[in-house]
Amino acid sequence: MLPEEEKLQFLKKTELFAELPETELKSICQIANEVAYPADTTLFEEGDEGDSLYLIVNGEVSIIKAGTEVLFFNEKGYCLGEIALIDNKPRSATVKTVTSTQFLRITRHDFYNAMMREPRIGSGMFRVLNDKIRRDLEIQMSAIRKEIAQEESMRLAAEVQQSLLPNQEISHPYVSSAGYCRPANSVGGDYYDYLRLADNSIAIFLGDVMGHGYHSAMVAAMTKSCLQTQIRFDASVPEVMKAITRVIEDSQTFIYMTCCYLIIHPDNRFEFANAGHPQMLLYRGDNSDPLELKSSFMPVGFPKFDESQQYYSTEVEWHSGDLLVLYSDGITEAFNPDAEMYGLERFKALISEKRYLSPMEIKAEILSDLQAYQQNESTNDDLTLVVAKFL
């Protein structure tokens, strides 16, 4: 606790009470209650009703406006919350302690009584308010600058992520494609790619990094770089999967990615590995029931017990007219306003019905049906789709 004399000397140095005579200051000492809060404590929130003002004795606080930290104060005697006392409006910002912080707190009732007894407190209030106007302008400008910078960063990140995706579809003598990727937010963790290999084979990769946002997008970008480098040396399924595993493990944080990688060979076969990703769907030209190419491996980067995992490829024949569909779970796990999931069965039935169309047309039918099902319900996950048809 502050000794009475120390509290008195402290109040003399504040703008609010600097002009008061010592006799009046002593009465202020009696209504200024000492309070202390540990670090990361919310003093009050934006929109709260104001009932007290606070004077910083020691420590540091942050000012948060619209969810963004815009200023920090550790100035002794700095006054917080006084505006809400004089105009009955809600708090204009949130204040949190950064470190363990000590305050003198004066309630609305006691402050009004003090002003009625000593009008000179009003002069101090005018000085504080003048300073607050300047400080609030600084807060507003800082918040605007941060918001603009954040929007610009998000825009650039979205552009970078869009550049990761193929700029044209597969148009090959034996296979054609149609792909689509839409992040849940401005940036996401889904990524797909087409890769032309030296022996006239075509590789397709589709990955879904845990979560969505900057970090997930960064891992997706690292994955693309890894793929482009690895296929120059060894594009085989096991070696590509091992290279991607190294990228995920080197990301310095716990994160994992479900993915599938396949190589389509001209001699009517393709080989693949699926690591924790939703099953690929292979529709034969003469059969409405798809062959489900399920995962044989844990997601890449999943807990370290998977270090001994040995990747291998599974081989499947393809025939002219067959249709192969790869997708992320953002499609099958999309919800409508009644919290009902779109689901795998509806997805498979739609593809079965439309499988004779071109890849572009099938993609459009899937996205249209999904949009109609969601009825403008917001999407909580990234959506990625690749439709490939064998010619």
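Buried means under 20% relative accessible area, exposed over 50%, and partly exposed in between, with a 1.4 Å probe and protein chains only. This is a predicted model, where local features need pLDDT of at least 70, side-chain atom pairs count only at pLDDT 80 or more, and totals for chains, interfaces and linings use all residues. Residues are numbered from 1 along each chain as its sequence is written, and side-chain values use heavy atoms, leaving out hydrogens and water.

**Exercise 1.** Find out whether W318 and Y174 are buried or exposed.

*Solution.* Start with W318: its relative accessible area is 3%, so W318 is buried. Next, Y174 has 7% relative accessibility and therefore counts as buried.

**Exercise 2.** Classify the ring pair of Y174 and W318.

*Solution.* First, the rule: rings of Phe, Tyr and Trp (its six-membered ring) pair if their centres lie within 6.5 Å; planes under 30 degrees apart count as stacked, over 60 as edge-to-face, the rest as tilted. A search of the whole structure gives 14 aromatic pairs. For Y174 and W318, the centres are 5.7 Å apart and the planes stand at 20°, so this pair is stacked.

**Exercise 3.** Decide how R91 is placed relative to F44.

*Solution.* A charge sits over a ring if NZ of Lys or CZ of Arg is within 6 Å of the ring centre and within 35 degrees of the ring normal. R91 lies over the face of F44, at 4.0 Å from the ring centre.
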